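Open the model in your viewer and keep the sequence panel beside it. This tour goes from one selection to the next and says what is there.

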Amino acid sequence: MMRMWHARNAVATLPLRQLRAKAWKRPQQDGKQGESASGAAAAGGDVTVAGECIGPENVIKGSVFVARIAPAADEREARAFAKQLKEPGVTHSCWAYRGYGFDSRASDDGEPRGTAGEPILQALTEANVRQAVVAVTRVYGGVKLGTGGLFHAYGDTARSVLREAETKPLGPDPRF
């Protein structure tokens, strides 16, 4: 049976690289065009973040998720950044770090295994961001989200801060 082409299928069949090429850009304070992390991913090169950034609040069934991103030279800096976000009232402070090469770490901080750190790390990988840490804090709202709900909540919150963060090209690995 032959499949018919239809105009509504045209967007879905575009290669992923072409879809990412339409990434959102916003002006920097000095008037130049800054790229979001997803826009840099379309260019094909690895990037890092220019500085700390806080994403918008993501409220899901009463739980409040807030993501923060910062540059981190190594896992020790990533752990220190995530630890400082653990304030009274914050139920979980989950994070993921991605460095040079295959150097990456993720922490679920008490959430079920693979439901918090992994989707954050996946968002970093999709955006080609390295030498950075993304930490997502959760204030529990009284309703359990389930493993699928947690996976989507942490991943979507991490993607939102990656869209907001200013990026710059990643330099060569200093270890070599």
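Is Glu 75 buried or exposed? Glu 75 counts as buried, because its relative accessibility is 19%. Buried means under 20% relative accessible area, exposed means over 50%, and partly exposed lies in between, with a 1.4 Å probe and protein chains only.

Before going on, note that this is a predicted model, in which local features need pLDDT of at least 70 and side-chain atom pairs count only at pLDDT 80 or more, while totals for chains, interfaces and linings use all residues. Residues are numbered from 1 along each chain as its sequence is written, and side-chain values use heavy atoms, with hydrogens and water left out.

**Stop 1: a charged network**

A salt bridge here is a side-chain nitrogen of Lys or Arg within 4 Å of a carboxyl oxygen of Asp or Glu. Side chains of opposite charge can pair when their charged atoms come close. Arg 79 and Glu 75 are 4 residues apart in helix α3 (residues 75-84), so about one helical turn separates them. Helices (H or I, at least four residues) and strands (E, at least two) are DSSP runs, numbered from the N terminus. Arg 79 is partly exposed at 48% relative accessibility.

Arg 105 is partly exposed, with 37% relative accessible area, and Asp 103 is partly exposed with 24%. With all four selected, you see a network of salt bridges that links Glu 75, Arg 79, Asp 103 and Arg 105.

**Stop 2: a hairpin**

Select β7 (92-98) and strand β8 (residues 104-107). The two strands pair in the antiparallel sense over 4 bridges; strands count as paired if DSSP finds at least two bridges between them. Look for Ala 96, which stands opposite Ala 106 in β8. The hairpin has 5 residues between its strands, and Gly 101 takes a positive phi near 60° there.

**Stop 3**

Next, select Ile 69, Ile 120, Val 129, Val 134, Val 136, Tyr 154 and Leu 162. These have the most contacts inside the largest nonpolar core, which has 26 residues. A nonpolar core is a set of buried Ala, Val, Leu, Ile, Met, Phe, Trp, Tyr and Cys residues joined through side-chain atoms within 4.5 Å. Among the elements that give two or more residues to this core are β6 (63-71), α4 (117-126) and α5 (146-164). The most comes from α5, with 6 residues. Another core lies apart from it, with 10 residues, including Ala 72, Ala 78, Leu 85 and Trp 95.

**Stop 4: helix α5**

Which ring pairs with Tyr 154? Select Phe 65: the two ring centres are 5.1 Å apart and the planes stand at 85°, so the pair is edge-to-face. Rings of Phe, Tyr and Trp (its six-membered ring) pair if their centres lie within 6.5 Å; planes under 30 degrees apart count as stacked, over 60 as edge-to-face and the rest as tilted. Phe 65 sits in strand β6 and Tyr 154 in helix α5, 89 residues apart. Both Phe 65 and Tyr 154 are buried.

Last, select Arg 159 and Asp 156, which form a salt bridge with the closest N and O atoms 3.5 Å apart. Both lie in helix α5, 3 residues apart.
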